[in-house]
Amino acid sequence: MRKIFVSLLASILTVLAFANIAAASGNCGYQPEIPSRFKS
Amino acid sequence: MEKKGILSKLARFLAHETGKDQEVLLYALLLVKTSILSYTLLFLFSWVLGVWQWAFAAALTAAIFRVFSGGAHASHPIRCSIIGATVFTTVGALVATFYIPVGNYQFGMILLVVFVISSVIFYIYVPADTPGKPITSQVQRTYLRIISYSLLVVWSAAVYFLFISARDVFAESLIIASLGGLCWQVFTLTPPGYLVFDRFDTFLKLLWKGG
C-alpha cells in the first residue's frame, strides 16, 4: 500500500512538472527555475 | 533550486523509492508549495476582510489565464504570495464594497472593452515568459497564444451568459470580480505590469532585509 501511494505521488508530481514545462508559467506569481534537463 | 530543506529531502526520498528524476520531483514540489502558500495567504487576507469569495473569483480567473499567457513574477514564493494576496484581496474588497448593479447592456459593453483590450495585449505580449523559464520554441509560443485567445473567447461568452442569467447581486458581483482578475492578469503581461510587479517585489525584499 505504501509503495503504491509513493509511486502515485511521484507520478502525479512528474505529470505536474511536465504540464508546467508545457505551460507559459505557474498559476501563481512565482516561477521556479526549470530543471537543467529541460533547458534547450 | 533549493538544495536543502524538507522539499529536497522529500524529492530525494521519492526519487530513491520510484527511480524518477529527483530534480523534476523537486521542481513539482516547489510549484505545489508556492500554490498552497499563495492560496492560504490569500484566504487569510481576504477572510479577515470578509471578501474571500470575490478575492478567489478574481484569483482563480487570473491563475487560469496565467498558466497559458504567462506574466510578471516575483523573485521568491513568499513575496509572490504576499503580492497575490494583497492584489486579489483589494480587487475583492473593491468589488464587494462598490459594486452597483448594472444592466445586461452595460455589462456587455464593459466586457466588450475588456475583450478588445485583452485581445490586443495578448497579440503583442503572449506568452510573457520569465527568466527562470524562457520560452524559446516558436511552436510553443504559437500554441500558447492560440490557447490564450481561445480561453479568452470561451471565458467571455461564459461570463456573459452567467451574468444575464444571474438571479442576484452576489452572483453578478462575483462575475465582476472575475473580470477584475482578468484585468490584473492582462496588466501583468505588459511592460508597466512587469515594472509594478518588480517594484512591489523590490519593496518587499527591502522590508524583508530591513532596508
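User: Where do I start with chain B: what run of elements does it have from the N terminus on?

Analyst: From the N terminus on, chain B reads α-α-α-α-α-α-α-α, which comes to 8 helices and 0 strands. Here helices (H or I, at least four residues) and strands (E, at least two) are DSSP runs, numbered from the N terminus. This is a predicted model, in which local features need pLDDT of at least 70 and side-chain atom pairs count only at pLDDT 80 or more, while totals for chains, interfaces and linings use all residues. Residues are numbered from 1 along each chain as its sequence is written, and chains are lettered from A and ligands numbered from 1 in the order in which they are written.

User: How many helices and strands are there in chain A?

Analyst: Chain A has 1 helix and 0 strands. Its C-alpha trace spans about 35 × 25 × 15 Å along the principal axes; for chain B the spans are about 60 × 45 × 40 Å.

User: What span should helix α2 of chain B have?

Analyst: The expected span of a helix is 1.5 Å times one less than its number of residues. Helix α2 of chain B (residues 22-49) has 28 residues, so it should span 40 Å, and the 41 Å between its end C-alpha atoms agrees. After α2(B) comes B:Gly50, with a positive phi near 70°.

User: Which residues does a cis peptide bond join?

Analyst: Most residues other than glycine have a negative phi, and most peptide bonds are trans. In this model a cis bond links B:Val126 and B:Pro127, with omega about -5°. B:Pro127 lies in the loop between α5 (104-125) and α6 (138-164) of chain B.

User: How do I read packed helices: at what angle do α3 and α7 of chain B pack?

Analyst: Two packed helices are described by the angle between their axes and the distance between the axes. Axes are lines fitted to C-alpha atoms, for helices over the stretch in contact, and angles run from 0 to 180 degrees between N-to-C directions. Helix α3(B) (residues 52-69) packs on α7(B) at about 40°, with the axes 7 Å apart. That makes α3(B) oblique to α7(B); angles under 35 degrees count as roughly parallel, over 145 as roughly antiparallel, 65 to 115 as roughly perpendicular and the rest as oblique.

User: And at what angle do α4 and α7 of chain B pack?

Analyst: Helix α4(B) (residues 77-98) meets α7(B) at about 145°, with the axes 9 Å apart. Residues in contact (C-beta atoms, placed from the backbone, within 7 Å) include B:Val95 of α4(B) and B:Ile176 of α7(B). The contact has 8 nonpolar, 4 polar and no charged residues. Ala, Val, Leu, Ile, Met, Phe, Trp, Tyr, Cys and Pro count as nonpolar, Asp, Glu, Lys and Arg as charged, and the others, Gly among them, as polar.

User: Is B:Ile176 buried or exposed?

Analyst: A residue is buried if 20 or more other C-beta atoms, placed from the backbone, lie within 10 Å of its own, exposed if 12 or fewer, and partly exposed in between. B:Ile176 has 25 such neighbours, so it counts as buried. B:Ile176 sits in α7(B) (residues 169-187). Beyond its neighbours within four places in sequence, B:Ile176 is in contact with B:Val95 and B:Tyr99. Buried residues make up 39% of the 211 residues in chain B.

User: How many residues of chain A are in contact with chain B?

Analyst: There are 25 in chain A, in contact with 39 of chain B. The side of chain A that touches chain B has 13 nonpolar, 10 polar and 2 charged residues.

Note on methods
Contact = placed C-beta atoms within 7 Å.
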